[in-house]
Structure formats: structure tokens, C-alpha cells
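Colleague: Could you walk me through a few local features of this model? I would like to start with the aromatic rings and then turn to the backbone.

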Amino acid sequence: MRLYLSVDTDIENLEIDYIEVRLVTGEIVMVEWDESDIAWEENGFDARYKGVYFDEEYANGKLSCLYGMQIEYINLYTESDSDSDIVITDMTFEDEGEQYTPGHLLPYVISMEG
């Protein structure tokens, strides 16, 4: 499984460590990945995260588990003390040629407090 994100932010060197999501079953899982490719733009970045897993178990074949998910928490890392908002404008999971974009969550705004 892969996860693609587009993020609008003026905070430099921002990293997303992991995302906690609540599945429609009520279970909360930690979404992490093995590799990340980040392409910085003037107003944010596009990211591709490969080797996605849920709670330390690879997520391949589990795309349908994400349908109707909610974001509980996004763990960010930055050395900046900016209080600018971070806006996830696109979030697409891809697995075995199928894609899922939780459009009901987007745009997703994270308010930073410096």
C-alpha cells in the first residue's frame, strides 16, 4: 500500500511521522510507512509514502478497512516555531491498483501553536 499526501504549509522541513485513524469499526490504528519521498514546492509539499502498515502490520490488501475513516491524530515534526496552519489538501491511499481518497476529511487543517 502507498499513501499520497499534498500539504499546504509555509513551515519548512515539516515531517509527518505517523497518522492515527479511527476505522468505522471504532478501532484506532496507527498508519506508518517504511519509505517517504517528499517533493517541496513553494507553498508546501507532495509526499509519497511506501510500505504502509497499520499497527506494525503491512496494510497490503486492507484498503477497504479505510472506507469511512476519521483522522484522530497526526504526529508532526518540525524545528520551526511557526504558528501557521498546515492543510492536507489531498490524501489518497493506493493498493493493488485501487485507490481511496477520504474526501469527507479534506481539506484537513492542523493548527500549529508556536
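Colleague: How many aromatic pairs does the count come to?

Modeller: Happy to start there. This is a predicted model, where local features need pLDDT of at least 70, side-chain atom pairs count only at pLDDT 80 or more, and totals for chains, interfaces and linings use all residues. Residues are numbered from 1 along each chain as its sequence is written, and side-chain values use heavy atoms, with hydrogens and water left out. Rings of Phe, Tyr and Trp (its six-membered ring) pair if their centres lie within 6.5 Å, and by this rule the count is five.

Colleague: Which kind of pair do Tyr 18 and Tyr 73 form?

Modeller: Planes under 30 degrees apart count as stacked, over 60 as edge-to-face and the rest as tilted. Tyr 18 and Tyr 73 are 6.2 Å apart centre to centre, with 50° between the planes, so by that definition the pair is tilted.

Colleague: How many residues apart are Tyr 18 and Tyr 73?

Modeller: Strands here are DSSP runs (E, at least two residues), numbered from the N terminus. Tyr 18 sits in strand 2 and Tyr 73 in strand 8 (residues 70-77). The pair therefore links distant parts of the chain, with a separation of 55 residues.

Colleague: Is Tyr 18 buried or exposed?

Modeller: Buried means under 20% relative accessible area, exposed over 50%, and partly exposed in between (1.4 Å probe, protein chains only). Tyr 18 has 18% relative accessibility, so Tyr 18 counts as buried.

Colleague: What is the distance between the ring centres of Trp 40 and Phe 45?

Modeller: Trp 40 is partly exposed at 39% relative accessible area, while Phe 45 is buried at 2%. Their planes lie at 50°, so this pair is tilted, and the ring centres are apart by 4.8 Å.

Colleague: Now the backbone: where is Asn 13 found, and what is its phi?

Modeller: Most residues other than glycine have a negative phi. Asn 13 is found in the loop between strand 1 (2-8) and strand 2 (15-22), and is exposed at 57% relative accessible area. Although Asn 13 is not a glycine, its phi is positive, at about 60°.

Colleague: What is the phi of Asp 55?

Modeller: Asp 55 lies in the loop between strand 6 (53-54) and strand 7 (57-58), and is partly exposed at 40%. Asp 55 is not a glycine either, yet has a positive phi of about 45°.

Colleague: Which residues does a cis peptide bond join?

Modeller: Most peptide bonds are trans. Pro 107 has its place in the loop between strand 10 (98-100) and strand 11 (108-110). With omega at about -5°, the cis bond joins Leu 106 and Pro 107.

Note on methods. Helix = DSSP H or I, 4+ residues; strand = E, 2+ residues; numbered from the N terminus.
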